[in-house]
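Please keep the structure in view while reading.

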Amino acid sequence: MSEEAVPSETAAPSADDAARLVAEDARDFGAYARTGGWAFGLKVARSVRPGGQGASETPKLSAKEFAELAGCSADRVLRYYKAWDKAADDGLVPHFEALSPGMDVELPDADVWLSYYSSRSSALTPRGDAISQAAEAEGIRPTKALEVAENPTALRAAILADPGTAEAARKALMDRLEEDPALRTELVRDIVRADDLKKAVAAEAKAGDRVGYVRQIVEKGQVKTPAGQMIDAPAELREEAERHLSLIDELDDGEESGEWAREAYDTVRDLVAQTVQSDPELRVRERRAKFYGSLQKATKVFEELTFDDIETVEDIRDIYEDDMLRRLEELQQAIGACISALQTATAAQQHEEPSAP
């Protein structure tokens, strides 16, 4: 047997003294079972003087002096003091000034104590107070949240080892991103620096765009054609879009939606193309819109084909290559062909129109 386990050699109490000591232990145990930390909080509240009171004004001790007598740290005493102070502000217990050494008062239930007391000194800081409030909002004990906050390495280990912890951390980060622009910026930078994450984000964004395309058909009854026209979606198209969207919405949180989104998008796009081809008037509008779209893109590009930043012929010679001239000539021929076709069509239309009487 170790030395620590050997009882000290003291005289055994008499039967009467033993019964009295057992009764005291039972009463103390019962008081703690009913009131929990309140029983010890009361001892602090009635024996430690409030801040601002001098030693000559009250027989109470300072927190430091009380801790020395108790054989514990002043921080521990102050945690009980702070818990009692909060409860007094809420009207659950009397304020310090109303208590004197040895006074007994009716105490709240034991379970209530955990709402006010934290066994960790970090709870006394503004950061700890914020963590405690967040823990209470989530319906958990503040001490649990404070313990996690004080052990980031342990938190990291849990996230790395346990998918459930990692998922909880992900959801918490997403909630925090809404109110923490600095964290959001840092997270985006981390993603951009990691090629795999960047590709994953791009893939998810593409899947999201495809689902959005299908969802718009279901919710608004309209669809964008390949040329960019917004048209009313036929009933068959809306039904097919709704069917695919319901399959996507039924996916579990952990399931990949990429393939489902691609299948829905491709199916809907095929139906849109069929819709356009089956309607002669719509088909004409689609071709016109496509041509206008290409013309706008070409116009924007051609506006940049200038030598405004070149001052002399020698400067042009410096950048000249045969391939430049060849491509410009091909573009000129293509544009000339378009102009000729439009002019021919206009002339034919004017020829077909009856002359005014």
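Of the 357 residues of the protein, 22% count as buried, a term that stands for a relative accessible area under 20%, with exposed meaning over 50% and partly exposed in between (1.4 Å probe, protein chains only). The model is a predicted one, in which local features need pLDDT of at least 70 and side-chain atom pairs count only at pLDDT 80 or more, while totals for chains, interfaces and linings use all residues. Residues are numbered from 1 along each chain as its sequence is written, and side-chain values use heavy atoms, with hydrogens and water left out.

The protein contains 16 helices and two strands; these are DSSP runs numbered from the N terminus, helices being H or I with at least four residues and strands E with at least two. Among the contacts (heavy atoms within 4.5 Å) with a separation of 6 or more, 54% join residues 24 or more positions apart.

Consider next the nonpolar cores. Such a core is a set of buried Ala, Val, Leu, Ile, Met, Phe, Trp, Tyr and Cys residues joined through side-chain atoms within 4.5 Å. The largest one has 21 residues, of which Trp38, Val44, Val48, Val77, Trp84, Val93 and Trp113 touch the most other members. Two or more residues are given to this core by each of H2, helix H3 (63–70) and H4. H4 supplies the largest share, seven residues. Apart from this core lies another, of 19 residues, including Ala207, Val211, Ala233 and Leu237.

Val44 is found in helix H2 and is buried, with a relative accessible area of 5%. Leaving aside neighbours within four places in sequence, Val44 is in contact with Phe66, Val77, Tyr80 and Tyr81. Between the C-alpha atoms of Val44 and Lys60 there are 9.6 Å in space, and the two are 16 residues apart in sequence. Val48, for its part, touches Lys60, Leu61, Ser62, Ala63, Phe66, Val77 and Tyr81, not counting residues up to four places away in sequence.

A pair of aromatic rings is described by the distance of the centres and the angle of the planes. Rings of Phe, Tyr and Trp (its six-membered ring) pair if their centres lie within 6.5 Å; planes under 30 degrees apart count as stacked, over 60 as edge-to-face and the rest as tilted. A search of the whole structure finds five aromatic pairs. In one of them, the rings of Trp38 and Trp84, the centres are 6.0 Å apart and the planes stand at 70°, so the pair is edge-to-face. This pair links distant parts of the chain, since Trp38 belongs to helix H2 (residues 38–47) and Trp84 to helix H4 (residues 74–89), 46 residues apart. Both Trp38 and Trp84 are buried. Ring pairs also join Trp38, Tyr80, Trp84 and Trp113 into a cluster.

The discussion now turns to helix packing. Two packed helices are described by the angle between their axes and the distance between the axes. Axes are lines fitted to C-alpha atoms, for helices over the stretch in contact, and angles run from 0 to 180 degrees between N-to-C directions. Angles under 35 degrees count as roughly parallel, over 145 as roughly antiparallel, 65 to 115 as roughly perpendicular and the rest as oblique.

H9 and helix H10 (residues 181–193) pack with their axes 8 Å apart and at an angle of about 125°, and are therefore oblique to each other. Here Leu173, Arg176 and Leu177 in H9 meet Leu183, Arg184 and Leu187 in H10. Met174 is found in helix H9 (residues 163–177) and is partly exposed, with a relative accessible area of 44%.

The axes of H10 and H11 come within 5 Å and cross at roughly 105°; H10 and H11 are therefore roughly perpendicular to each other. Their contact is made by Ile191, Val192 and Arg193 of H10 and Asp195, Leu197, Lys198 and Val201 of H11.

For helix H11 (residues 195–220) and helix H12 (residues 235–249), the axes come within 8 Å and cross at roughly 125°. That makes H11 oblique to H12. Residues in this contact include Val211 and Val214 of H11 and Leu237 and Ala241 of H12.
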